[in-house]
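Reader: I am new to this structure. Could you take me through the words used for it, and show what stands behind each one?

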Amino acid sequence: MARAGVTTERLTGAAAELADEVGFDRVTVAALARRFGVKEASLYSHIKNAHDLKTRVALLALAELADEVSAAVAGRAGKDALVAFASAYRDYAKRHPGRYTAGRMKLDAETAAKSAAGRHSEMTRAILRAYDLAEPDETDAVRMLGSVFHGFVSLETAGAFSHTPRDVEASWIRTLDALDTALKKWPPA
């Protein structure tokens, strides 16, 4: 019988909070049981195993990030949309480092297809419409944006930019300026 007050949704939310506090790799069923003050075995009426728990956190993170990016880009186009998208992505990663890592978890094809991951791709492609890129250039641009956003955020949150006096925000703005220029002047195949 399930313990009163413990639900799959509450477990997922608590696991996401735990991921932000201690890191996604340290989220375990045992740690979650300690947080709820219950025996580990009692959680298995809500989740299958640790992988299931982590998958649920990944799906939550993908949905949250998609919602935040969607709200940020609504009504925007071109560089304005690019900056809004990138800034929402960066802000989420900094506010929720464990969830951000969870969102990078490799999902099986069926789970990925049902997740908010597709929304991320659709929003990126919508932003790119202003740059009038045809395939396969559009796909290359989607990959470039994802790589730059993830790379910058990963280095920033790891403290890799702390060794220089250059303001990180100024570098971020210049990075977005450079991406906008690259997209406007996309080289021919």
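Reader: Which residues line the largest cavity?

Author: This is a predicted model. In it, A61, L62, L65, Y92, R99, Y100, G103 and R104 line the largest cavity. The volume of this cavity is about 40 Å³.

Reader: What makes a space a cavity?

Author: A 1.4 Å probe fits in a cavity but cannot get out. A search of the whole structure for cavities of 30 Å³ or more finds one.

Reader: Which helix gives the most to the lining of the largest cavity?

Author: That is α3, with three residues. Both α3 (50–73) and α5 (97–102) supply at least two residues each. By class, the lining has five nonpolar, one polar and two charged residues.

Reader: Which residues of α3 are buried?

Author: Buried means under 20% relative accessible area. In α3, the buried residues are D52, L53, K54, T55, V57, A58, A61, L62, L65, A66, V69 and V73. Among them, A61, L62 and L65 also line the largest cavity.

Reader: What covers the buried residues of α3?

Author: The cover includes α1, α2, α4 (78–95), α5, α6 (109–114) and α7 (117–128).

Reader: Why is R26 called exposed?

Author: Exposed means over 50% relative accessible area. R26 has 55% relative accessibility, so R26 counts as exposed.

Reader: Where does R26 lie?

Author: R26 is in the loop between α1 (8–22) and α2 (29–36). R26 and D52 are 26 residues apart in sequence, and their C-alpha atoms are 15 Å apart in space.

Reader: What is the volume of the largest pocket?

Author: The largest pocket has a volume of about 400 Å³. It is lined by 17 residues, and the closest to its centre are Y89, R104, H120, S121 and G146. The elements giving two or more residues to this lining are α3, α4, α7 and α8 (137–157). The largest share, five residues, comes from α8. This lining divides into nine nonpolar, six polar and two charged residues.

Reader: Which residues line the second largest pocket?

Author: K48, H51, D52, T55, R56, L59, D108 and T111 do. This pocket has a volume of about 160 Å³. Here α3 gives the largest share of the lining, five residues.

Reader: How many helices and how many strands does the protein chain have?

Author: The protein chain has nine helices and zero strands. Its C-alpha atoms fill a box of roughly 60 × 40 × 30 Å along the principal axes. Of the 189 residues, 40% are buried.

Reader: What share of the contacts with a separation of 6 or more joins residues 24 or more positions apart?

Author: In the protein chain, that share is 69%.

Reader: How much accessible surface does the protein chain have?

Author: The accessible surface comes to about 10,300 Å². Carbon and sulfur atoms hold 55% of that surface.

Methods: Residues are numbered from 1 along each chain as its sequence is written. This is a predicted model: local features need pLDDT of at least 70, side-chain atom pairs count only at pLDDT 80 or more; totals for chains, interfaces and linings use all residues. Side-chain values use heavy atoms; hydrogens and water are left out. On a 1 Å grid over the protein atoms alone, a cavity is a set of points where a 1.4 Å probe fits but cannot get out, and a pocket is an open set with protein on both sides within 12 Å along at least five of seven lines; lining residues have an atom within 4 Å of a point. Grid points are joined across faces, edges and corners, and a volume is the space filled by probe spheres set on the points. Helices (H or I, at least four residues) and strands (E, at least two) are DSSP runs, numbered from the N terminus. Ala, Val, Leu, Ile, Met, Phe, Trp, Tyr, Cys and Pro count as nonpolar, Asp, Glu, Lys and Arg as charged, and the others, Gly among them, as polar. Buried means under 20% relative accessible area, exposed over 50%, partly exposed in between (1.4 Å probe, protein chains only). Contact means heavy atoms within 4.5 Å. Accessible areas come from the Shrake-Rupley method with a 1.4 Å probe; for residues, only the protein chains shown count as cover.
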